[in-house]
Amino acid sequence: MKILTLCALLCAMMALTRAAALAESNNDLGAVAEIQEHNHAIKRSPSCPSNWKRNNGQCFIYVPRAMTWAQAERNCQSMGANLASVHKAEEYHWIQRMITDQTHGYPNAWLGGSDSAEEGVWFWSDGTPFKFAYWCKGEPNNKKHQHCLQINDGANKCWDDMHCSKLLPSVCAKKI
């Protein structure tokens, strides 16, 4: 078994060395991609880091530690991620199930939505378009300057704008 592993690693290193030399001599990075595409020894399936959950080409993690919205975003960034953005109902319900699997409940938590730059103009901290929303009835209401998006609010477990200084758990996401 060790010999097979060693042989596979040696073949992969030789293929990468050949690809790098070819790319350097041709000054063509496409040559590296072409060789890698045809060499099964160096193909790897994308995966998520330990404790992260995979869904639709992204990795997610529920962070139970209560933080402000800004602290939660910074924490996600320290892991190469952002607070999660949501682009359809199925994705939101998947995030809720991920949280419920860990907490056995529906705690409020931060997502990456904010309108702090301009009232009523919501954006995702990861820069993706804010096209889908699951606001609770009457929300967002900006009651006393609420600018950050919390989930699992009320009986319908929907979205609510909340004061960004509130301490909540959060959900981080990053592309694979």
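The paragraphs below lead from the whole chain to two of its residues, Gln58 and Gly112.

This is a predicted model, in which local features need pLDDT of at least 70 and side-chain atom pairs count only at pLDDT 80 or more, while totals for chains, interfaces and linings use all residues. Residues are numbered from 1 along each chain as its sequence is written, and side-chain values use heavy atoms, with hydrogens and water left out.

The protein chain holds four helices and eight strands, taken as DSSP runs (helices H or I, at least four residues; strands E, at least two) and numbered from the N terminus. In order from the N terminus, these elements run α-α-β-β-α-β-α-β-β-β-β-β. Of the 176 residues, 39% count as buried, that is, under 20% relative accessible area with a 1.4 Å probe, protein chains only.

Gln58 belongs to strand E2, which covers residues 58-67, and it counts as buried because its relative accessibility is 8%. Its side chain makes a polar contact with that of Glu91 at 3.3 Å, where the term denotes a pair of N or O atoms within 3.5 Å, one able to donate a hydrogen and the other to accept it, and residues adjacent in sequence count only if both atoms are side-chain atoms. Beyond its neighbours within four places in sequence, Gln58 is in contact (heavy atoms within 4.5 Å) with residues including Cys48, Lys53, Ala173 and Ile176.

Gly112 lies in strand E4, residues 109-114, and counts as buried because its relative accessibility is 0%. Not counting residues up to four places away in sequence, Gly112 touches Trp69, Leu83, Ala84, Phe123, Trp124 and Ser125.

Terms used:
Buried means under 20% relative accessible area, exposed over 50%, partly exposed in between (1.4 Å probe, protein chains only).
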